[in-house]
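I record what I looked up, in the order in which I followed it.

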Amino acid sequence: MINDASVLDVRKLMSGKDGRLFVEVDGESVFLAEVDSFTVNMTAANVDKQPVGSILNYSVNTGVSFSLTFTEMVVRDDLIIGPLLDTVRAGKMPMYTFQGGAERWDGQEQRYTFRNCMPEGEFTILNLTPGEVIERSQSFRINSIPETLAQLTYE
């Protein structure tokens, strides 16, 4: 007997062309059409504990963190890099709000809000290679749990 429930409906699959990333500027979400890839990750922090008399080391969760990284083709500086440098020049670190997700051909969407995003790690300002499109990489720590605005279902 064949289990029809296990057959994948490939129409439900999405690719990078179905995704979008937005940044909030003055209360408005601005589509970052120049972003060619982005990733949001959750990292679980655990510590190992081994009780007396046990050969087993247990993993105990101590928290989680979230990060957003993306690469953009350089088209403008006014949304992120300009305000970032201005704020750092004033001795502060800016915070950003992003939204990201993807929309399937049937109109179903997955969408999340990422609040309190602070620049973290290396942040490309300029990266030039003759014959190549100018790109820069950006990395943020998401200092809140992502909010789910829309979820995909398998109907």
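**Entries on aromatic rings**

I began with Phe70, which is buried at a relative accessible area of 3% (buried means under 20% relative accessible area, exposed over 50%, partly exposed in between, with a 1.4 Å probe and protein chains only). The model is predicted, so I note that local features need pLDDT of at least 70, that side-chain atom pairs count only at pLDDT 80 or more, and that totals for chains, interfaces and linings use all residues. Residues are numbered from 1 along each chain as its sequence is written, and side-chain values use heavy atoms, with hydrogens and water left out.

I searched the whole structure for aromatic pairs and found 8 (ring centres of Phe, Tyr and Trp, the last by its six-membered ring, lie within 6.5 Å; planes under 30 degrees apart are stacked, over 60 edge-to-face, the rest tilted). I looked up Phe70 with Phe98: the centres are 5.9 Å apart and the planes stand at 65°, so this pair is edge-to-face. Phe70 belongs to strand β4 (residues 58-73) and Phe98 to strand β5 (residues 96-103), so the pair ties together parts 28 residues apart in sequence (strands are DSSP runs of E, at least two residues, numbered from the N terminus). Phe98 is buried too, at 1% relative accessibility.

I then turned to Phe70 with Phe140, a stacked pair with 5.9 Å centre to centre and 20° between the planes. Phe140 lies in strand β7 (residues 135-142) and Phe70 in strand β4, so this pair joins parts 70 residues apart in sequence. Both Phe70 and Phe140 are buried.

I also recorded one aromatic cluster, formed by Phe70, Tyr96, Phe98, Phe123 and Phe140.

Conventions. Helix = DSSP H or I, 4+ residues; strand = E, 2+ residues; numbered from the N terminus.
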